[in-house]
Amino acid sequence: MAIQHLQALELAAQGDWNGAHKLIQSYEDSFACMIHGYLHKVEGDTGNAAYWYQRAGRSLPANSLSEEFDRLYDLAKQI
């Protein structure tokens, strides 16, 4: 499933929030939930972002959007 994770992140990097969201919301694994949370963080919906990170067993990260993107992208390449 790593290819879908990377595709969603690449869509987000291209500014296609809707495309990234539509793709990732089809998956419920913990990494997809983190990406889903990241997308809502980008959107400015911290409550929804926190919910999705919590579903992944994590707290809402306090890092910047670009730092979180880089962290998720690096993780996606390792899967």
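Which residues is arginine 71 in contact with, leaving aside its neighbours within four places in sequence? In this predicted model, the partners are Met34, Tyr53 and Arg58. Arginine 71 is found in helix H5. Its relative accessibility is 28%, so arginine 71 counts as partly exposed. Arginine 58, one of its contacts, lies 13 residues away in sequence. The C-alpha atoms of arginine 71 and arginine 58 are 14 Å apart in space.

Leucine 72 follows a related pattern of analysis. With neighbours within four places in sequence left aside, leucine 72 is in contact with Leu9, Phe31, Met34, Ile35, Tyr38 and Tyr53. In soluble globular proteins, nonpolar side chains tend to be buried together.

Helix H3 was examined next. H3 has 14 residues, which should span 20 Å at 1.5 Å a residue. Its end C-alpha atoms are 20 Å apart, in agreement with that value. H3 is mostly covered, with 11 of its 14 residues buried. The buried set runs through Phe31, Ala32, Cys33, Met34, Ile35, His36, Gly37, Tyr38, Leu39, His40 and Lys41. These buried residues pack against H1, H2, H4 and H5.

The packing of H3 with H4 came next. The two helices pack at an angle of about 170 degrees, and their axes are 7 Å apart. An angle over 145 degrees counts as roughly antiparallel, so H3 is roughly antiparallel to H4. On the H3 side, the residues involved are Cys33, Met34, His36, Gly37, Tyr38, His40 and Lys41. On the H4 side, they are Asn48, Ala49, Trp52, Tyr53 and Arg55. By class, this contact has 6 nonpolar, 4 polar and 2 charged residues.

H1 meets H3 in another arrangement. Their axes come within 10 Å and cross at roughly 10 degrees. H1 and H3 are therefore roughly parallel to each other. H1 contributes His5, Ala8, Leu9 and Ala12 to the contact. H3 contributes Phe31, Ala32, Ile35, Tyr38 and Leu39.

H1 itself has 12 residues. From its first C-alpha to its last, H1 reaches 17 Å, close to the 16 Å expected at 1.5 Å a residue. Its buried residues are Ala2, Gln4, His5, Leu6, Ala8 and Leu9. What covers them includes H2, H3 and H5. H1 is followed by glycine 15, whose phi is positive, near 85 degrees.

Definitions and conventions
Residues are numbered from 1 along each chain as its sequence is written. This is a predicted model: local features need pLDDT of at least 70, side-chain atom pairs count only at pLDDT 80 or more; totals for chains, interfaces and linings use all residues. Side-chain values use heavy atoms; hydrogens and water are left out. Contact means heavy atoms within 4.5 Å. Axes are lines fitted to C-alpha atoms, for helices over the stretch in contact, and angles run from 0 to 180 degrees between N-to-C directions. Helices (H or I, at least four residues) and strands (E, at least two) are DSSP runs, numbered from the N terminus. Angles under 35 degrees count as roughly parallel, over 145 as roughly antiparallel, 65 to 115 as roughly perpendicular and the rest as oblique. Ala, Val, Leu, Ile, Met, Phe, Trp, Tyr, Cys and Pro count as nonpolar, Asp, Glu, Lys and Arg as charged, and the others, Gly among them, as polar. The expected span of a helix is 1.5 Å times one less than its number of residues. Buried means under 20% relative accessible area, exposed over 50%, partly exposed in between (1.4 Å probe, protein chains only).
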